[in-house]
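Let's take a walk through this one, starting with the open spaces and then stopping at a couple of residues. Keep the viewer open as you read.

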Amino acid sequence: MDELERLRQKRMAELQQRAAMGADPQQMAQQQLAQQQLAQQQQQEMQAQLKQAMKQVLTPEARSRLDNIRLTKPELVQQIEIQLLQSAQAGSLRGKVTDEQLKVLLKNLMGQKREIKISRR
């Protein structure tokens, strides 16, 4: 990844140099497009690294459950992933997190739900 980062920095330096020489609107648009592509590429790399880290931290069943939850509540999954990574980095995880352990974590994060009672008269 170091080589990829070096190439990105080189490309960004070239684009900035062209912009400093006097950029016309077409060059400005190209520069913005390049920056957007760079940001998108960085986001994809971060997601790939996160996915790899989750493979090391979670069992396949727990990963599957987390992927299913991601479809409905992506912000909750993001919180869980952050918490799991922090726990892994702190060394407080012993082995991989199982599906049952993930269920407990989900219940803790979701907190108390309001109970809805419907009564007919």
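Predicted model: local features only at pLDDT ≥ 70, side-chain atom pairs only at ≥ 80, totals over all residues.

Residues are numbered from 1 along each chain as its sequence is written, and side-chain values use heavy atoms, with hydrogens and water left out.

Now the pockets. Rolling a probe the size of a water molecule over the atoms shows where empty space is left. Here a pocket is an open set of points on a 1 Å grid over the protein atoms alone, where a 1.4 Å probe fits and protein lies on both sides within 12 Å along at least five of seven lines; a lining residue has an atom within 4 Å of a point. Volume is the space filled by probe spheres set on the points, which are joined across faces, edges and corners.

The largest pocket holds about 340 Å³ of space. Look for Q43, M46, Q47, Q49, L50, K51, R70, P74, Q78 and E81 around it. Helix α2 (25-57) and helix α4 (74-90) each bring at least two residues to that lining, and α2 gives the most, with six. Helices here are DSSP runs (H or I, at least four residues), numbered from the N terminus. By type, the lining splits into three nonpolar, four polar and three charged residues; Ala, Val, Leu, Ile, Met, Phe, Trp, Tyr, Cys and Pro count as nonpolar, Asp, Glu, Lys and Arg as charged, and the others, Gly among them, as polar.

The second largest pocket has a volume of about 180 Å³. Its lining includes Q83, L84, S87, R94 and K96. Two or more residues come from each of α4 and α5 (99-110), with α4 giving the most, at three.

Back to L50, which sits in helix α2. L50 is partly exposed at 25% relative accessible area (buried is under 20%, exposed over 50%, partly exposed in between, with a 1.4 Å probe and protein chains only). Leaving aside residues up to four places away in sequence, L50 touches E81 and L85, where contact means heavy atoms within 4.5 Å. L50 and I82 are 32 residues apart in sequence, yet their C-alpha atoms are 9.4 Å apart.

Finally, T59 is in the loop between α2 and α3 (60-72). Is T59 buried or exposed? T59 is buried, with a relative accessible area of 14%. Its contacts beyond four places in sequence are K96, V97, T98 and D99.
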